[in-house]
Amino acid sequence: MEKRTITVKGIGKVKLKVDYIVISLELSSLNKDYEKTMSLASSKLNSLTNSLVDAGFEKQEIKTAKYEVQPVYESIRDEQGNYRDEFLGFKCVHMLKLSFDFDMPILNKILLAITKSEANPKIHISFTVKDQTKISNEVLKLSCEDAKRKAEILCHASGYSLGALLKIDYNWNESYFESKTRYENTSVFAKHKICFYEDADNIEPEDIEVSDSAVFIWEIA
């Protein structure tokens, strides 16, 4: 006789206060001469690093997230209507990252330091949480508890009891640990040396909502 089963999707959710800031800085240099590209990239990096160090940050706090050098081409259409690749130069992209506990005055201090350099990097600021592994585990635990609670309610309402757990399906989706709050004016701020607004210290980022789910199959006793 085929086993009677019940399949339930468990969902775990948590709402978190931001406790960590990650600043991503992208330095880009392009020149047809390889050595000039590398020299320009080095100059931008030194300018940015020196400005941050002068502001009181340790050099080892500035981490490299990505570094690549590659030739860049542009597709050009000639008078006959044919396309050809035209060499634009060698492009060096250096991604840097600064991470620290949530502190708006420190964030403003970093942004002001960036204006003192000649690097003009692209800036992305992420308001997030530090211990993401612990939170992921907690959310998964909640999804298990949610599924079992639902299964027990359904079985009891149907006049049966919950039997042995037969199977768990989990798709390993990556959780998103970033607040929806955006610091949209930072690229303009860095490029044009604009003084940052004074009330920025009072910004309270939106809470982060993290969820995860799994499907559980139990035997109906």
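This is a predicted model: local features need pLDDT of at least 70, side-chain atom pairs count only at pLDDT 80 or more; totals for chains, interfaces and linings use all residues.

Me: What makes the phi of Asn 120 worth a remark?

Reply: Most residues other than glycine have a negative phi. Asn 120 is not a glycine, and yet its phi is positive, at about 45 degrees.

Me: Why is Asn 120 called partly exposed?

Reply: The relative accessibility of Asn 120 is 41%, and the label covers values between the buried limit, under 20%, and the exposed limit, over 50%, so Asn 120 counts as partly exposed.

Me: Which label does Arg 84 receive on the scale of accessible area, and why?

Reply: Arg 84, which lies in strand S4 (residues 83–101), has a relative accessible area of 42%; because that value falls between the limits of 20% and 50%, Arg 84 is partly exposed. Leaving aside neighbours within four places in sequence, Arg 84 is in contact with Glu 74, Ser 75 and Ile 76, and the C-alpha atoms of Arg 84 and Glu 74, ten residues apart along the chain, are separated by 8.2 Å.

Me: How do you know that S4 pairs with strand S3 (residues 63–77)?

Reply: Pairing requires at least two bridges, and 14 bridges join S3 to S4, so the two strands pair, and they run antiparallel. S3 and S4 form a hairpin with five residues between them, and in its turn Gly 81 has a positive phi of about 85 degrees. S4 is also joined to S2 by twelve bridges, again antiparallel, with Lys 97 in S4 as the bridge partner of Ser 24.

Me: Is Leu 52 buried or exposed, and what decides it?

Reply: Leu 52, in helix H1 (residues 34–54), has 0% relative accessibility, and because buried means under 20%, Leu 52 counts as buried. Not counting residues up to four places away in sequence, Leu 52 touches Phe 57, Ile 62, Leu 98, Ile 110 and Ala 113. Leu 52 is also among the residues with the most contacts inside the largest nonpolar core, which has 31 residues. H2 gives the most to this core, with six residues, while a second, separate core of nine residues includes Ile 6, Ala 147, Phe 216 and Ile 220.

Me: Why are S1 and S6 called edge strands in their sheet?

Reply: The sheet is open, has three strands in the order S1-S7-S6, and is paired antiparallel. Strand S1 (5–16) and strand S6 (162–169) each have a single partner strand, so one side of each is left without a neighbour in the sheet. Neighbouring strands of this sheet are turned by 35 degrees against each other on average, direction ignored.

Me: What makes S6 and S7 partners, and which helix lies across this sheet's strands?

Reply: Five bridges join S6 to strand S7 (residues 208–220), and because at least two are required, the strands pair. Within S7, Phe 216 is the bridge partner of Ile 168. Helix H3 (residues 132–157) lies across S1, S6 and S7, running at about 140 degrees to S1.

Conventions. Residues are numbered from 1 along each chain as its sequence is written. Side-chain values use heavy atoms; hydrogens and water are left out. Helices (H or I, at least four residues) and strands (E, at least two) are DSSP runs, numbered from the N terminus. Axes are lines fitted to C-alpha atoms, for helices over the stretch in contact, and angles run from 0 to 180 degrees between N-to-C directions. Contact means heavy atoms within 4.5 Å. Buried means under 20% relative accessible area, exposed over 50%, partly exposed in between (1.4 Å probe, protein chains only). A nonpolar core is a set of buried Ala, Val, Leu, Ile, Met, Phe, Trp, Tyr and Cys residues joined through side-chain atoms within 4.5 Å.
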